[in-house]
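Hi,

Here is the structure I promised to pass on. Could you open it next to this email and follow along?

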Amino acid sequence: MSITRRTLLTTAAGAAVAASASTSTTASAAPFDVSDQASVSRTLRQAADYAVGKLRAVAPGVTAFPVGTKFEKWTYSQNGDWVGGFWPGQLWLAWLHSGDEQFKTLALASAEKLAPRQNDTGTHDLGFLFYPSWVTAWRLTGDAKWRDGAVQAAASLIKRYNAAGRFIRAWGSLTDPNNAGRVIMDTMMNLDLLAFATEQTGDPKYLDIAVAHAKTAQRTFPRPDGSTPHVFDFDPVTGAPIGPNTVQGYSPASCWSRGQAWGIYGFTTIHRRTGDPEFLATARRLADFALAKLTPDHVPVWDYLAPQAPNDIKDASAGVIMACGLLDLAELTRRPQYRDSALRILTAVSQTCLTTKSTRAEASVARCTRNRPAEDGVEVSLPYADYYLLEGILRVLDRAKVDRAIDLSSV
């Protein structure tokens with residue numbers, strides 16, 4: 001992207017949004033006290049109840065997959081795009097939280113609509129699509145069809161593996177030379193589908209590929225300070241590294257906050273599946289960088305190293321994703337400061353980012369930013385923010401329920 005284009009990001013409407021974000025940060029500068037566990041639990045339970053209530057009102061009329069909001073109303077994809085798994089996923093979590101059978105019925109119907117995607121070899125996002133929907137469906141119902149479909153999705157995903165570079169290609173069909181050597185941090189979150197496939201089939205090839213990809217990402221993405229780029233490019237023929245890049249971050253040298261959150265959660269999860277201490281160490285490096293960059297309002301800016309940071313527009317989705325990873329880190333490292341940070345983030349989002357004052361909002365979490373450089377979805381609502389808010393809160397209030405859904409065990 002040109003310098004002129006970059007400059008436009010901070011002018012006109014963008015400057016107005018940045019100014020309001022700066023005001024919000026200042027106004028919310030008082031630290032969130034997490035020592036009062038009763039108060040924190042009450043705040044988080046109210047937020048979860050609000051999210052479930054919103055789903056109860058909206059979900060019966062939803063027949064496709066929400067991808068983001070415009071003027072506070074969901075827009076939809078018929079095939080799920082890359083986010084289709086989060087809608088049935090949050091319905092499953094709502095069922096676990098409330099016991100309302102309507103949510104189970106809706107979750108199953110929504111997940112069923114993803115069936116054609118299990119054979120999709122044109123995307124790396126099959127973990128996002130099938131783990132919170134089909135893997136969770138199998139874990140909660142015991143119906144083998146959901147397990148078998150998730151394993152088939154894993155078989156489709158490993159076709160994107162580049163053996164020369166030891167990475168899973170992010171974008172483009174298998175026959176498309178464009179983006180053939182492009183790897184993105186987001187893929188770390190798709191690896192758990194491969195771990196699941198190895199667990200279910202006994203075939204090590206799925207987890208072997210997940211580990212190989214994770215080691216490549218571990219070697220190439222983190223900078224000495226623990227920040228990461230969104231993208232790293234490789235020569236698709238030789239597998240030789242070319243260098244960092246970005247699509248959704250400010251620049252190849254910046255640190256897109258949601259990508260950093262994917263890395264924290266993803267590296268922690270691959271450690272849980274393998275026991276490799278280096279993956280846990282990488283997750284900690286990424287977490288320590290992100291936590292040092294949080295403003296007192298505990299809602300991440302969209303890019304920690306963009307020129308306007310920290311007084312820039314927000315991405316609450318990065319916060320709730322990171323909070324889930326931090327809760328894992330706290331357990332695995334026995335460092336309570338990670339849990340305290342997760343509680344501050346979840347409390348902050350619950351108190352300052354929910355749509356409680358809107359009469360027309362169809363989502364629960366506002367102040368999310370999808371793709372700032374493309375001016376696409378700037379401070380809107382996104383389905384993964386709603387999903388990870390519920391996941392994070394339920395991890396705190398009733399970890400056993402989330403474990404039933406997504407498997408929080410470690411080897």
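First, the ground rules. This is a predicted model, in which local features need pLDDT of at least 70 and side-chain atom pairs count only at pLDDT 80 or more, while totals for chains, interfaces and linings use all residues. Residues are numbered from 1 along each chain as its sequence is written, and side-chain values use heavy atoms, with hydrogens and water left out.

Let's start with the helices. Helix 7 (residues 144–157) packs on helix 8 (residues 191–201) at an angle of about 120 degrees, and their axes are 9 Å apart. Helices (H or I, at least four residues) and strands (E, at least two) are DSSP runs, numbered from the N terminus. Axes are lines fitted to C-alpha atoms, for helices over the stretch in contact, and angles run from 0 to 180 degrees between N-to-C directions. The angle makes helix 7 oblique to helix 8 (under 35 degrees would be roughly parallel, over 145 roughly antiparallel, 65 to 115 roughly perpendicular, and the rest is oblique). The crossing of helix 7 over helix 8 is left-handed, that is, the near helix is turned anticlockwise from the far one by less than a right angle (clockwise would be right-handed).

Who touches whom there? On the helix 7 side the contact is made by Arg-147, Ala-150, Val-151, Ala-153, Ala-154 and Leu-157, and on the helix 8 side by Leu-193, Leu-194, Phe-196, Ala-197, Gln-200 and Thr-201. Contact here means heavy atoms within 4.5 Å. Sorted by type, the contact residues of this helix pair are nine nonpolar, two polar and one charged (Ala, Val, Leu, Ile, Met, Phe, Trp, Tyr, Cys and Pro count as nonpolar, Asp, Glu, Lys and Arg as charged, the others, Gly among them, as polar).

Now the strands. Strand 1 (residues 65–70) is mostly covered, with five of its six residues buried; buried is under 20% relative accessible area, exposed over 50%, partly exposed in between (1.4 Å probe, protein chains only). Strand 1 pairs with strand 2 (residues 73–77) in the antiparallel sense over five bridges, where pairing takes at least two DSSP bridges between two strands. Thr-69 has Trp-74 as its bridge partner in strand 2. The two strands make a hairpin with two residues between them, and Phe-71 in the turn has a positive phi of about 50 degrees.

Further along, three strands form an open antiparallel sheet in the order 5-6-7. Its edges are strand 5 (182–184) and strand 7 (241–245), each pairing on one side only. On average, neighbouring strands here are turned by 25 degrees against each other, direction ignored. Three bridges link strand 5 to strand 6 (residues 231–234), and Val-183 has Phe-232 as its partner. Strands 6 and 7 share four bridges, with Phe-234 opposite Pro-241.

Finally, two residues. Asn-371 sits in the loop between helix 13 (336–352) and helix 14 (383–397) and counts as buried at 13% relative accessibility. Beyond its neighbours within four places in sequence, Asn-371 contacts Val-247, Gln-248, Asp-376 and Gly-377. Lys-401, in helix 15 (residues 399–406), is partly exposed at 25% relative accessibility.

Cheers
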